[in-house]
Amino acid sequence: MMKLFFILPLIAAALFSSGCSHRSEKMDQRLDAIQADIEILKEKNSPPPSRRDALRKIPRNKLTPENQQEYLEIIAVPISPDMADLARFIDDTNDLNFLRDRKLIRPWIDSQVQTLGRNYLPYLLPFCRHGMLRSAVFTILLPEDKQMLWEKSYIYPQLLNGYIKLVDASDAEFVLKMLPVREDLIAAVIKLQLTEKAMPVVVERLQRGDYFQSYNQWLRVALDNTEGNEWEEIIETAFQVMRHCNLNASAAIAETLSRQGFQPAYDYLVKYTALDKSLHNPWRPKIQALSPCKNINEFNAWYQKNRNNLVFDLEKKIFREVPVRSR
């Protein structure tokens, strides 16, 4: 590095001695040689690449299980971590997609959160947007965290799931009171078996005829706890809501209505499923499960033949063709 300090003044001297006149070819060659020396010194004095960086540069399809395990050991949280270690851990958990073995990631994140412990809980909670990190953090929650989670959930909505995880019978009155303004609390209503008491709020909310994030959960609660005209009105309203949602939300509502035997929703779900040609279409097995067919190819032929002649079997909870009457 000392050599670098001697070379830099030489550059300045060379430039100064050239004055305002054009530099000679000899001077240009000298400066080029000095620049080359500087680059060599930079290369020699730069720190060698870390093992962590070296592992990151391995092509994903060539990562061995040993490579992946070594990487996780390198980035593990140290004993008695400081806030810088915590910040690095949070960054690392959001940057593990290059690992091939997804089964390694969740246990690793769980173990790291256990190492950090509850003293770091308030600092971890705002970063629980990442599903695996959130699941790991929720494993160290205790009942006394309920109030903190409830308050923070107004800023970080993903923390409401942590609150719901901790609710018990003592929270029933509060949950029912807050349900009209915190719609995701429907999961707490179900957990605490408060659906009967919540029905006036549930029915009134669904009758507004607009979509919201937990709509499908509310819909299932309503359909399981109403009958007659009220049940039919909820079905019809939901069908209209379904037709004005994004495709995934529409498909989810259509599945719920199909399981109630509402064929227009089933027809919609079949049509929507046909639009997705991907190999792992999640709706394909669901429409098949609502039919008597054993595989999707059999279903396609069956549906094309019988779609205008279907009834819902209440006992088996499937659609089937109307039997042909013998003369």
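Reader: How do the residues of the lining of the largest pocket divide into nonpolar, polar and charged?

Author: This is a predicted model. The largest pocket is lined by 15 residues. By class, its lining divides into 6 nonpolar, 3 polar and 6 charged.

Reader: Which residues lie nearest the centre of the largest pocket?

Author: The pocket has a volume of about 270 Å³. Helices α17 (263-275), α18 (284-289) and α19 (296-306) each supply at least two residues of its lining. Nearest the centre lie V270, T273, A274, I287 and N300.

Reader: What is the volume of the second largest pocket?

Author: Its lining includes P157, Q158 and N161, along with D184 and Q213. Two or more lining residues come from α10 (160-166), and likewise from α14 (215-224). The volume of this second largest pocket is about 220 Å³.

Reader: How do the residues of the lining of the second largest pocket divide by class, nonpolar, polar and charged?

Author: Among the lining residues are Q158, N161, S214, N216 and Q217. Polar residues number 6 in this lining.

Reader: Now the helices. Are α15 and α16 roughly parallel or roughly antiparallel to each other?

Author: Helix α15 spans residues 228-242, and helix α16 spans residues 247-258. They pack at an angle of about 155°, with their axes 9 Å apart. Angles over 145 degrees count as roughly antiparallel. The pair α15 and α16 is therefore roughly antiparallel.

Reader: How many residues of the contact of α15 with α16 are charged?

Author: From α15 come I235, A238, F239, V241 and M242; they meet S250, I253, A254 and L257 of α16. This contact has 8 nonpolar residues and 1 polar. As for charged residues, there are no charged ones.

Reader: Why is α16 oblique to α17?

Author: The cut-off for roughly antiparallel is over 145 degrees, and roughly perpendicular runs from 65 to 115. The axes of α16 and α17 are 8 Å apart. Their packing angle is about 140°, and that makes α16 oblique to α17.

Reader: What are the classes of the residues in the contact of α16 with α17?

Author: On the α16 side, the contact includes L247, N248 and E255. On the α17 side are A265, Y266, Y268, L269 and Y272. By class, the contact has 9 nonpolar, 3 polar and 1 charged residues.

Reader: Is the crossing of α5 and α6 left-handed or right-handed?

Author: Helix α5 covers residues 83-93 and helix α6 covers residues 102-116. Their axes come within 12 Å and cross at roughly 165°. That makes α5 roughly antiparallel to α6. The crossing of α5 and α6 is left-handed.

Reader: Which residues make the contact of α5 with α6?

Author: By class, this contact divides into 6 nonpolar, 2 polar and no charged residues. Helix α5 contributes L86, F89 and T93. Helix α6 contributes W108, I109, Q112, V113 and L116.

Definitions and conventions. Residues are numbered from 1 along each chain as its sequence is written. This is a predicted model: local features need pLDDT of at least 70, side-chain atom pairs count only at pLDDT 80 or more; totals for chains, interfaces and linings use all residues. Side-chain values use heavy atoms; hydrogens and water are left out. Axes are lines fitted to C-alpha atoms, for helices over the stretch in contact, and angles run from 0 to 180 degrees between N-to-C directions. Helices (H or I, at least four residues) and strands (E, at least two) are DSSP runs, numbered from the N terminus. Angles under 35 degrees count as roughly parallel, over 145 as roughly antiparallel, 65 to 115 as roughly perpendicular and the rest as oblique. Contact means heavy atoms within 4.5 Å. Ala, Val, Leu, Ile, Met, Phe, Trp, Tyr, Cys and Pro count as nonpolar, Asp, Glu, Lys and Arg as charged, and the others, Gly among them, as polar. On a 1 Å grid over the protein atoms alone, a cavity is a set of points where a 1.4 Å probe fits but cannot get out, and a pocket is an open set with protein on both sides within 12 Å along at least five of seven lines; lining residues have an atom within 4 Å of a point. Grid points are joined across faces, edges and corners, and a volume is the space filled by probe spheres set on the points. A crossing is left-handed if the near helix is turned anticlockwise from the far one by less than a right angle, and right-handed if clockwise.
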